[in-house]
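Hello,

Here is the structure we talked about. My notes on it follow below.

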Amino acid sequence: MEPAKAKTDPLVGKLFGGCRIERLIGKGGMGAVYLATQLNLDRPVAIKVLAPDILDDEESLQRLPREAKIVANLSHPNIVQLYFTGKEYNFPYLVMEYVDGQSLGALLRQSGKI
């Protein structure tokens, strides 16, 4: 995932499933990941939102629910917890545990193979 650009993102400030998007964390091939606040529990979460160009690709749309089911059935200290999924403003999304720190890509660039 590439580092987020400084320009303002149109989803910042929007509500996704009771979570207010605060800022863009990064972008990848399938979409973007945002830092958000889950309002009812007042906790930080990460929201992965599919990119608009993916919405017309049926194969990519099928990948998100599969990813959600796989992640929801995993429990390990090194895997973020999936809280819930949904669709807002016609964007499918995943709401996950937010872990502050560097991305896996940045870690690999810094220290090489793990």
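Start with a charged pair. Arg 20 forms a salt bridge with Glu 22, with the closest N and O atoms 3.0 Å apart. A salt bridge here is a side-chain nitrogen of Lys or Arg within 4 Å of a carboxyl oxygen of Asp or Glu. Arg 20 is partly exposed at 33% relative accessibility, and Glu 22 is partly exposed at 31%. (Buried means under 20% relative accessible area, exposed over 50%, partly exposed in between, with a 1.4 Å probe and protein chains only.)

A note on the source: this is a predicted model, where local features need pLDDT of at least 70, side-chain atom pairs count only at pLDDT 80 or more, and totals for chains, interfaces and linings use all residues. Residues are numbered from 1 along each chain as its sequence is written, and side-chain values use heavy atoms, leaving out hydrogens and water.

The count comes to two salt bridges. The other pair is Lys 48 with Glu 67, the closest N and O atoms being 3.1 Å apart. Lys 48 sits in strand E5 (residues 43-50) and Glu 67 in helix H1 (residues 58-72), so the pair ties together parts 19 residues apart in sequence. Lys 48 is buried at 18%. Glu 67 is partly exposed at 24%.

Now the fold. The protein has two helices and seven strands. (Helices are DSSP runs of H or I, at least four residues; strands are runs of E, at least two; both are numbered from the N terminus.) From the N terminus, the order is β-β-β-β-β-α-β-β-α. Of the 114 residues, 30% count as buried.

Best wishes
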